[in-house]
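Hi,

Here is the structure I said I'd pass on.

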Amino acid sequence: ELQHFDVVVIGSGGAGLAAAIQAHDDGAKVLIIEKMPTIGGNTIKASVGMNAAESIFQKIKGIKDDRTLFYQETLKGGKFINNQKLLHSFIQDTPIAIDWLADKGIELSDITITGGMSIDRTHRPADRSAVGGYLISGLLKNVVSRGIEVMLDTEVVDISYENDTPSAVKIKDDKGEISTLKAKSVVVATGGFSANAKMVEQYKPELKGFVTTNHPGATGCGIKLLTEIGADTIDLEQIQIHPTVEQKTSYLISESIRGGGAILVNHFGHRFCNEMDTRDHVSQCIISLPQKNAWIIFDDQVRLNNKASEEYIEQGLAIVADSLIDLAHKINIEESALEQTLKRYNQWVSKGKDEEFGRETALRYQLEQAPFYAILIAPGIHHTMGGVVINQEGSVLDKTRYPIRGVFAAGEVTGGVHGANRIGGNAIADIIVFGIRAGSQAAHYAQNKR
Ligand code: ADP
């Protein structure tokens, strides 16, 4: 006797968990299937936060924001190739998604900023820790309290689509055994393909040999599952490299460190870009340096205001020094050059204006409080903007751009929202907004089939 579900959610990252919770709350019998041994996907590694404009927490903090401005800045960051309809509806729902999370005990009440944004709109946990772990553990609590079933170590290898509707999914367990489950609708939330070196190289050959920041499950198999039943894809060649990745460990050094006041310097001890520019620009500046890497430098005040930085120090990724001169010696930079650079940067902080590189945001503090820290970084493959085509409801579209009935997708497996460059903090917003929509739509579709 085959097991029956209304909604099968494929993938247990943020998009999948949000979809499952919403589908359950809309009355469906839900199953989550995850191919890895653990919950959380790549979402659990997310660092900086979740962007939203006109949110309750911005209002509490007195931050005046405007969804139209958020839309314009994201469109510009995405080089104007974003699907504008999708982007617009996404931006509109960001404050609602913040409320949806808060309602489930997941409060993103502290706010910072990321590259390409002009206003503090990146929401993160109150203790300023990385968003991913907090978000996944909060979502998981909600999954557990609702009694939603989860299968780990199980990969969906096929979606059966018959008589113009999904009927079942074929699954493979960790021993390689194949079985079938009945499903009335599916939500594909399988994430991106940044950890699939072959696929990355196929779509963007110049990224051959780059390290990846992603978990090993980010292999893009959802794109295959969906194209096999007729889904269209978009922007697969739009692959983002993140500028600040520690190369020996592939550890992502969060954008919130720069957002909290850190700077980048080259091996001459000079700044070389606006650190708060978008990820593609900052990455390009680093790749253009002769060594193709750079130092991210911060002081103790930046550390105190950023929990992630403590992790880097504990992990031994940062070089720590009691004085700036000592730091210069340790990282083999001319001490007077580094001193000059910080003196100059501190001037811009006190003026509130960077006259050298035009950094306009996150000129937080003068960097002067010992100890000082330096981490050697270079870009790494981080996010795949492209994916399957969806509409505003989260329906997957076929090559004629017509919805494939009963098949929904959310999160990094989809393309269109981010265009040619994703803004930091927009991935988490994307997975929650579209996770909720896909879950809700899938539940309604399944119930109409009862
Ligand atoms: P998002 O940010 O879009 O939620 P994540 O990368 O966080 O994406 O999560 C996607 C999850 O989907 C990962 O945990 C990954 O292991 C899982 N996954 C990918 N492909 C499959 C598959 N075919 N079957 C089951 N789980 C899958």
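How many nonpolar, polar and charged residues are there in the lining of the second largest pocket? Sorted by class, two are nonpolar, nine are polar and six are charged. Before you go further, keep in mind that this is a predicted model.

Some more on that pocket. The space in it comes to about 390 Å³. It is lined by 17 residues, and those closest to its centre are Lys 76, Gly 116, Met 117, Asp 277 and Thr 278. Two elements each give two or more residues to the lining: helix H3 (67–77) and helix H9 (279–287). H3 gives the most, with four residues. As for where to look, the second largest pocket lies between domain 1 (4–194 + 385–448) and domain 2 (241–380), because both of them give residues to its lining.

Now the nonpolar cores. The largest one has 93 residues, and Leu 226 and Ile 432 are the ones that touch the most other members. Helix H14 (residues 426–448) gives the most to this core, with 12 residues. Domain 1 and domain 2 both give residues to this core too, so it lies between them.

Leaving out residues up to four places away in sequence, Leu 226 touches Ile 159, Val 188, Ala 231, Val 388, Val 396, Val 407 and Ala 409.

Cheers

Note on methods: Residues numbered from 1 in each chain as written. Predicted model: local features only at pLDDT ≥ 70, side-chain atom pairs only at ≥ 80, totals over all residues. Heavy atoms only, no water. 1 Å grid on protein atoms, 1.4 Å probe; cavity = no way out; pocket = protein on both sides within 12 Å on 5 of 7 lines; lining within 4 Å. Points joined across faces, edges and corners; volume = space filled by probe spheres on them. Nonpolar A, V, L, I, M, F, W, Y, C, P; charged D, E, K, R; others polar. Domains from an automatic or database assignment. Core = buried A, V, L, I, M, F, W, Y, C linked by side-chain atoms within 4.5 Å. Buried < 20%, exposed > 50% of the residue type's maximum accessible area, 1.4 Å probe, protein only. Contact = heavy atoms within 4.5 Å.
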